[in-house]
Amino acid sequence: MAFYLMKRFLALIPLVLLLACCPAVLAAPSAEEADKALSALERKTRGLTSLRADFEQTSHIPLFDKPVTSTGRLLFQKPGNLLWTSISPYWEGFSFYSGSGLCWDERTGITPMRPEREVASKAFLAGLSGWMEFSVPTVGKSYDIAVQSLSPLVVELTPKDRFLAAIIASLVFTFADDGTARALVLNEASGGKTEIRFRNVVVNAPLTEADFTRPARPAQ
């Protein structure tokens, strides 16, 4: 199941990265207000060089009777270093550092990234890079952007590409005042939904090579 959930999550991802939870029902901001909010978000993310956060991910899968919940950690460092690891209920994840990829799980331990997994993982990395340095022109090439709320800032992305739209109905992100996303909902075209909440977010934290290349196995 662990491999299935990771593969399913990665398949949803070229954008796992402009987040949100379910927004309150508020009057939609005007076009001018939305443009100002997105411009302010762009300015804030320019100053982000790294990020560390814990996450809780809840997947609502049509075939399952109950939601599946996992917890883990995210590390990101510009221009392209990334670690995404689940800690419970299974230890598994992947990382990129200086262009080299690693993956790990409880059965095999830490190994070089397999080619079939590298494509999806790099898509995840590309999406996260877009979140860390939010650009309306860049995001707008692939998604229709709608600002649902100004406080908190909630942004919905709807895929333009038909292939992607057959997988993802929409992405909804909620941003904190510092420009970092604190929650994400990925609404799937099939009716499933994945919710991710980020906690203990530390912006511009000092990170080392070992943080990405020597992922710590959780204590038993």
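The questions below concern a predicted model of one chain.

Q: What is the mean pLDDT of the chain, and where is confidence lowest?
A: The mean pLDDT of the chain is 81, and 80% of its residues reach 70 or more. Helix H6 (residues 209-213) has the highest confidence, at 94. The lowest confidence, at a mean of 43, is in helix H1 (residues 2-11).

Q: Over which residues does pLDDT stay under 50, and how many contacts beyond four places in sequence does the model have for them?
A: The residues in question are 1-26. Where pLDDT is low, the predicted coordinates should not be read in detail. With that caution, the number of contacts beyond four places in sequence that the model has for residues 1-26 is 96.

Q: How far apart are the end C-alpha atoms of helix H2, and what span should its residues give?
A: Helix H2 covers residues 31-46, which is 16 residues. At 1.5 Å a residue, the helix should therefore span 22 Å. The end C-alpha atoms agree with this, being apart by 23 Å.

Q: Which residues of H2 are buried?
A: An α-helix has 3.6 residues a turn, so residues three or four places apart point the same way. Buried here means under 20% relative accessible area. In H2 this holds for Ala34, Ala37, Leu38, Ala40, Leu41, Glu42 and Thr45.

Q: Which residues have the most contacts inside the largest nonpolar core?
A: In soluble globular proteins, nonpolar side chains tend to be buried together. In this chain of 220 residues, buried residues make up 46%. The largest nonpolar core has 33 residues, and those with the most contacts inside it are Leu171 and Phe198. A second, separate core has seven residues, including Leu75, Leu83, Trp91 and Phe212.

Q: How many bridges pair strand S9 with S10, and which residue stands opposite Val172?
A: Strand S9 (residues 168-175) pairs with S10 in the antiparallel sense over seven bridges. In the hairpin of these strands, five residues lie between them, and Gly179 takes a positive phi near 95°. The residue of S10 opposite Val172 is Val185.

Q: What share of the accessible surface belongs to carbon and sulfur atoms?
A: The accessible surface of the chain comes to about 11,000 Å². The share that belongs to carbon and sulfur atoms is 55%.

Methods
Residues are numbered from 1 along each chain as its sequence is written. Side-chain values use heavy atoms; hydrogens and water are left out. Helices (H or I, at least four residues) and strands (E, at least two) are DSSP runs, numbered from the N terminus. The expected span of a helix is 1.5 Å times one less than its number of residues. Buried means under 20% relative accessible area, exposed over 50%, partly exposed in between (1.4 Å probe, protein chains only). Accessible areas come from the Shrake-Rupley method with a 1.4 Å probe; for residues, only the protein chains shown count as cover. A nonpolar core is a set of buried Ala, Val, Leu, Ile, Met, Phe, Trp, Tyr and Cys residues joined through side-chain atoms within 4.5 Å. Two strands pair if DSSP finds at least two bridges between them. pLDDT is the predictor's confidence in each residue, from 0 to 100. Contact means heavy atoms within 4.5 Å.
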